[in-house]
Every structure is written in structure tokens, then in C-alpha cells.
Amino acid sequence: MRVASYKNTTLDERYDAIIVGSGLGGLTTALLLAQRGKRVLVLERHWVLGGFTHVFKRKEWEWDVGVHYVGEVHREGSVLRRLFDHLTDGELQWADMGEVYDRIWFGDTEYALRSGVKNFKADMSERFPAEKDAIARYLDLVFEVSKASRSFYAEKALGDVTAFLGGRLLRRSYMSFARRTTYDVLRELTSDEKLIGVLTGQYGDYGLPPRQSSFAMHATLVKHYFSGGAYPIGGSARIAETFAPRIEALGGTLVTRAAAEEIVVEHGKAVGVRMEDGRTLRADMVISNAGVLNTFGRLLGDVGKARVGATDKLAKLRPSLAHASLYIGLDGSRESLNLPRANHWVYPDDYDHDRTIARFEADEDAPLPVAYISFPSAKDPSHAQRHPDKSTIEIVTLMPWQRVAKWADTPWKKRGEEYDALKERWSNRLLAKLYEREPHLQGKIAFHELSTPLSTQHFTAYQHGEIYGLSHDPNRFEQRFLRPQTPVSGLYLTGQDVCTCGVGGALVSGFLTASAITRSNMLMDVLRA
Ligand SMILES: Cc1cc2nc3c(=O)[nH]c(=O)nc-3n(C[C@H](O)[C@H](O)[C@H](O)COP(=O)(O)OP(=O)(O)OC[C@H]3O[C@@H](n4cnc5c(N)ncnc54)[C@H](O)[C@@H]3O)c2cc1C
């Protein structure tokens with residue numbers, strides 16, 4: 001969503017809270033604080049609001065950058081749905097993707113994921129009859145993690161003293177799952193490597209293969225989609241479009257093209273931000289939605305860095321993997337092009353995800369380890385009305401940052417012939433994956449454009465083009481400083497690095513941050529109401 005730019009807006013010298021970044025975590029914190037009477041200012045460096053929930057257009061087509069499907073929100077009583085309904089008065093609406101939401105392919109073998117745990121259990125047991133017990137035990141573990149996650153995340157909003165006294169206990173159960181890799185846990189249940197490959201067939205949703213990812217992250221993600229997937233009606237831009245006017249109506253201000261250069265710390269307290277033009281905007285508190293690596297590594301000056309112990313803390317963290325996305329435009333409606341709503345996860349005929357990634361990282365010409373194909377226009381019931389006779393497809397794959405790092409200092413859209421040739425090569429490889437699964441679309445593509453990790457860096461400031469902020473490995477969950485409160489008084493974190501990546505993770509982080517600031521449990525307040 002576009003709002004006035006920093007340059008064209010008269011800003012006050014002082015606010016109650018400045019929020020750096022307008023991703024979903026930032027917008028949620030801003031709206032909740034505005035509801036509590038705080039005067040908030042949201043600064044976004046891009047020219048549109050929303051972070052990874054923003055959309056972009058070329059000719060008559062429009063694509064989502066970082067929202068393909070969200071779990072739970074299409075179920076009336078679910079926690080996420082109630083939180084979104086509270087924030088947007090039910091204005092943000094969701095379309096169910098239907099019974100099958102993901103199709104996982106290894107070569108030509110398909111495993112369709114149908115909504116409902118019973119369906120999941122029945123389908124997996126039918127495909128792996130010898131592993132029926134292992135599948136039942138797996139589901140038990142997934143639900144155990146989900147139960148344990150409540151106190152783990154609630155602990156993040158506690159004040160320092162309470163967290164110090166009771167934190168270990170609240171974290172214990174979840175950490176018993178979080179500090180183990182997905183592969184370790186699954187291998188204890190089954191020795192069937194094909195089953196492990198299928199159960200982790202959505203690993204792209206958290207960006208790490210089973211031998212590297214935390215089992216807690218894996219379990220959280222698969223449970224999130226057990227009831228199927230949903231898509232925001234009107235596209236992911238609807239998120240910022242429904243949040244921003246409510247923030248403004250409560251006296252808040254949002255500006256784009258507003259890059260914060262430094263979080264100003266005086267006498268151990270965050271007192272505002274210094275902008276690129278040198279102006280300092282002051283506030284009682286600063287909330288950073290820019291990611292932990294940016295906040296501690298780049299936005300804090302030397303004094304702030306020393307205060308948070310940035311060098312030690314950042315040394316323990318890894319950025320998540322980087323990605324490339326192919327944005328495809330077609331002429332024709334969903335019906336005329338026969339586009340599905342379910343996503344395809346296309347893998348080589350090799351069920352070992354760690355091996356396929358390692359092979360590909362060593363050799364660009366090795367088979368693509370994953371191609372995730374999404375059909376956003378087919379998922380959105382309002383699309384035909386908004387863009388008659390136009391359709392869109394998005395394909396996401398992993399692209400190591402090193403592949404494009406040498407062009408990091410070149411300007412957007414003018415990175416040179418060699419870079420353009422690399423983009424063309426990758427585009428063709430991804431199109432070939434699309435034709436493997438939907439051969440009838442050959443010759444129907446009217447437009448395509450590839451984004452690389454450099455695009456992610458350019459538009460969202462994640463410095464390694466990382467897809468999901470911090471890597472979701474076991475070590476990440478050990479870091480107790482990944483919480484709203486920081487060692488700098490008046491400086492708070494929000495967004496995907498606080499909880500986990502994903503629309504759900506960012507939304508919950510916004511509630512935790514606002515709760516930590518107001519010393520109340522805003523999440524429970526909404527759920528009780
Ligand atoms: C390709 C892709 C596909 C995805 N698909 C899904 C999906 O299908 N379902 C799902 O649930 N999740 C998905 N996600 C993940 C989800 O979109 C993110 O986890 C979530 O939106 C992150 O929200 P956030 O609050 O952390 O903020 P972000 O979206 O990370 O936004 C941070 C904002 O801060 C701004 N910023 C940074 N530095 C500054 C500064 N100095 N000054 C001002 N502003 C600054 C950035 O420009 C950005 O707008 C996907 C992500 C990607 C990349």
C-alpha cells in the first residue's frame with residue numbers, strides 16, 4: 001500500500017513510539033499501541049508498506065512477494081483468525097484453497113496433502129502402510145510441540161525479572177523439541193527415508209532441510225497447515241490496506257521512503273532514530289521490525305552495540321537461505337487456463353532434501369533442489385474482477401547468495417549483461433519445472449521476471465537476501481535474547497526473528513511486543529473478548 005513519503009510529510013519532532021519497518025510485525029505492534037492511545041510513527045524504507053506482504057505490478061499483472069498461503073485463518077474460531085479479526089474488524093478476509101492445498105512431487109510420484117488431520121493420517125498411512133504407527137506417533141509429537149509452544153512464546157513477553165525466575169520452566173518442554181533437528185526426531189520414529197522426505201516436503205516454508213532445521217519449527221509449520229491453506233481475498237496487499245487506515249484513524253502516522261539510518265541511544269536508552277538525511281526523530285521508545293541482524297548489526301551505533309553485546313549475540317546466528325522467485329503473467333482467466341489452486345512442491349526424484357541442496361550448492365547445474373509453484377490469481381476469488389482475463393503464477397527456488405554477491409554494488413535493473421544472462425538461465429529452468437507439472441501452459445506465458453537475493457536485499461534490507469530472516473536451526477531457539485525486550489532500555493524488537501517466520505509468526509510477534517511494552521497480555525485480552 002502506498003502512503004505519503006517521508007519527504008512529503010510534515011512530521012513532529014517527538015512521538016510516543018517509532019516503529020522501524022512496516023512488515024506485519026511492525027504494523028501489528030503499531031496498531032495495538034495506537035489502540036492503547038500511543039502516538040506512533042511507522043517508518044518504511046521501501047516506497048510501499050507491508051514488508052514481505054507487499055505486492056508489485058507490471059503491466060496488468062500483480063504479484064505477492066511473500067504470501068502464498070496461510071493456515072488456520074479460514075477457520076472462524078482459530079487463534080490467528082481471531083487476532084486478524086480484532087485488528088481489522090473482520091475486514092481482512094480469507095479464501096479457503098480447497099481440500100488439496102499442497103502437492104508434493106518427487107519426480108513423477110505425487111503426494112497430495114488434503115486438509116484435516118484425519119485425512120493426513122489416512123493418506124500417509126495408505127502410502128506407507130508399514131509406517132502406520134510411526135505416522136501416529138509423529139502426529140502426537142506435532143501436537144505436543146504445539147501445546148509446548150504456548151508457554152515458550154508467552155515467556156518472551158514477560159519482564160526481565162519474571163522471565164529470569166520462571167523462564168527456564170516455561171521454555172523447557174518446547175526446547176526439548178527445538179534443540180533437536182527434524183531429521184533426528186523423524187529418524188527415531190522411522191527408518192523409511194521416503195517417508196521422511198514426504199513429511200518434510202514443505203521444508204521450503206521455513207527454509208531449511210531436515211538435517212539442519214529445528215524439529216519445533218517443522219512441527220509448528222506442518223500443524224499450521226493441517227486444516228488447509230487460505231489466501232487473502234484481494235491479495236496480500238490487503239493486509240497493509242486494512243491495518244494502515246486504522247493506525248491513522250487512531251492518530252498514527254506511516255511514511256514510506258523513510259530509511260532509518262541509526263537508532264539513537266543516549267545514556268543507555270533508545271531515544272529516537274536518525275534518518276538518512278541527518279534529521280533525528282525522537283520518541284519514548286523505538287521498535288525495530290528490521291530484523292535482528294540489521295537492528296543489532298547495522299542500526300545501533302557503537303554505544304548501542306556494546307550495550308546489547310552485539311558481537312557475541314550475532315556470532316551465534318545465521319541468516320536463512322536466500323531465494324529466487326519467478327513472477328509469471330498469463331492472458332486468460334483461471335478457467336480458460338485451467339489453473340489449480342493447490343501449490344506444487346517439485347523435487348528431483350531423490351527424497352533426501354539435504355543431499356539435493358548440498359549437491360546444488362556445490363554445482364549450479366545440478367538439479368534444482370526445489371521449485372515451489374503457486375497460483376495466486378486462482379486462489380483469489382476477487383482476482384477476475386480486479387484483473388479481468390489475467391492470471392499469475394509464482395515459482396520460488398533456493399538461490400545461494402554467493403551466486404549473485406558479486407553484483408551487490410550494482411544498481412537495481414542495471415546490473416549488467418552477465419547478471420541478466422544468469423536471470424534468463426534461471427527463469428528457463430523454473431519455467432521447465434512449471435511445464436513438467438502443467439504441460440498445457442507451454443506457449444501461454446505472456447510475461448515473466450525473476451527476482452534474486454539482490455532484489456530481496458534491495459527492497460527489504462535483509463543483507464544476505466535471506467528469505468525468512470534468521471535461520472530456523474536448533475541454535476536459534478536457544479537464544480533467549482530473541483525477544484521483544486532488548487538490553488537497551490526503550491528499544492524493542494518485533495517481526496519474524498522474535499518468534500518464527502510466516503504471517504502467523506509475524507502477527508504473534510506484534511502481539512508479544514505490544515504486550516511487553518504495555519506490560520499486559522494483549523493476546524489473551526483479545527482471545528478472551
Ligand atoms: C518468497 C517468500 C514467500 C513467503 N511465503 C509465505 C507464505 O506463503 N505464507 C506465510 O505465512 N509466510 C510466507 N513468507 C514469510 C512471511 O512473508 C514473513 O515471514 C513475514 O511477512 C515477515 O514479517 P516481518 O514483520 O518480520 O517483517 P518484514 O516483512 O521482514 O518487513 C520488514 C520491513 O522493515 C523494513 N526496513 C528494514 N530496514 C529498515 C530501515 N532501516 N528503515 C525503515 N524500514 C526498514 C523493510 O523494508 C521491510 O519492509 C514468505 C516470505 C518470502 C520471502
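Me: Where does Ala-461 lie?
Reply: This is a predicted model. In it, Ala-461 lies in the loop between α18 (453-460) and α19 (474-478).

Me: Is Ala-461 buried or exposed?
Reply: Ala-461 is buried, because its relative accessible area is 13% and buried means under 20%.

Me: What about the phi of Ala-461?
Reply: That phi is near 75°. It is a positive value, and Ala-461 is a residue other than glycine.

Me: And what is the phi of Lys-413?
Reply: Lys-413 has a positive phi of about 70°. Lys-413 is not a glycine either.

Me: Where is Lys-413, and is it buried or exposed?
Reply: Lys-413 sits in the loop between β16 and α17. Lys-413 counts as exposed, at 55% relative accessibility.

Me: Switching to salt bridges. How many are there?
Reply: The count comes to 38 salt bridges. Side chains of opposite charge can pair when their charged atoms come close.

Me: Which residue meets Arg-211 in a salt bridge?
Reply: Asp-354 does, at 3.8 Å from N to O. The pair links distant parts of the chain, 143 residues apart. Arg-211 is in the loop between α7 (193-199) and α8 (215-225). Asp-354 is in helix α14 (residues 353-362).

Me: What does Glu-418 form a salt bridge with?
Reply: Glu-418 pairs with Lys-406, and the closest N and O atoms are 2.8 Å apart. Glu-418 lies in helix α17 (residues 417-437), while Lys-406 is in the loop between β16 (390-398) and α17, so the pair ties together parts that are 12 residues apart in sequence.

Me: How exposed are they?
Reply: Glu-418 is partly exposed at 49% relative accessibility. Lys-406 is exposed, with a relative accessible area of 59%.

Me: Which residues do salt bridges with shared partners join into one network?
Reply: Asp-89, Glu-91, Arg-238, Glu-241 and Arg-246.

Me: What about Glu-241 and Arg-238 in there?
Reply: Their side chains meet in a salt bridge of 2.9 Å, N to O. Both are in helix α9 (residues 237-249). They are 3 residues apart, so about one helical turn separates them. Glu-241 is partly exposed, with a relative accessible area of 31%.

Me: How does helix α2 pack with α9?
Reply: Helix α2 (residues 79-88) and α9 pack at an angle of about 45°, with axes 9 Å apart. That makes α2 oblique to α9.

Me: Which residues make the contact?
Reply: From α2, Phe-84, Leu-87 and Thr-88. From α9, Thr-242, Phe-243 and Arg-246. Arg-246 is also part of the salt-bridge network.

Me: New topic. Where is Leu-512?
Reply: Leu-512 is in helix α20 (residues 503-518). Leu-512 is buried, with a relative accessible area of 6%.

Me: What is Leu-512 in contact with?
Reply: Leaving aside neighbours within four places in sequence, Leu-512 is in contact with Tyr-153, Lys-156, Ala-157, Pro-484 and Cys-499. Cys-499 is 13 residues apart from Leu-512 along the chain, and their C-alpha atoms are separated by 9.1 Å.

Me: And Leu-165, buried or exposed?
Reply: Leu-165 is exposed, with a relative accessible area of 68%. Leu-165 is found in helix α5 (residues 160-178).

Me: What does Leu-165 form with Val-161 and Phe-164?
Reply: A nonpolar patch on the surface. Together they have about 410 Å² of accessible area.

Conventions
Residues numbered from 1 in each chain as written. Predicted model: local features only at pLDDT ≥ 70, side-chain atom pairs only at ≥ 80, totals over all residues. Heavy atoms only, no water. Patch = residues over 30% accessible without salt bridge, like charges linked within 9 Å, V, L, I, M, F, W, Y side chains within 5 Å. Areas by Shrake-Rupley, 256 points an atom, 1.4 Å probe, with all protein chains shown as cover. Salt bridge = Lys/Arg side-chain N within 4 Å of Asp/Glu carboxyl O. Helix = DSSP H or I, 4+ residues; strand = E, 2+ residues; numbered from the N terminus. Buried < 20%, exposed > 50% of the residue type's maximum accessible area, 1.4 Å probe, protein only. Axes fitted to C-alpha atoms, helices over the stretch in contact; angles between N-to-C directions. Parallel < 35°, antiparallel > 145°, perpendicular 65-115°, else oblique. Contact = heavy atoms within 4.5 Å.
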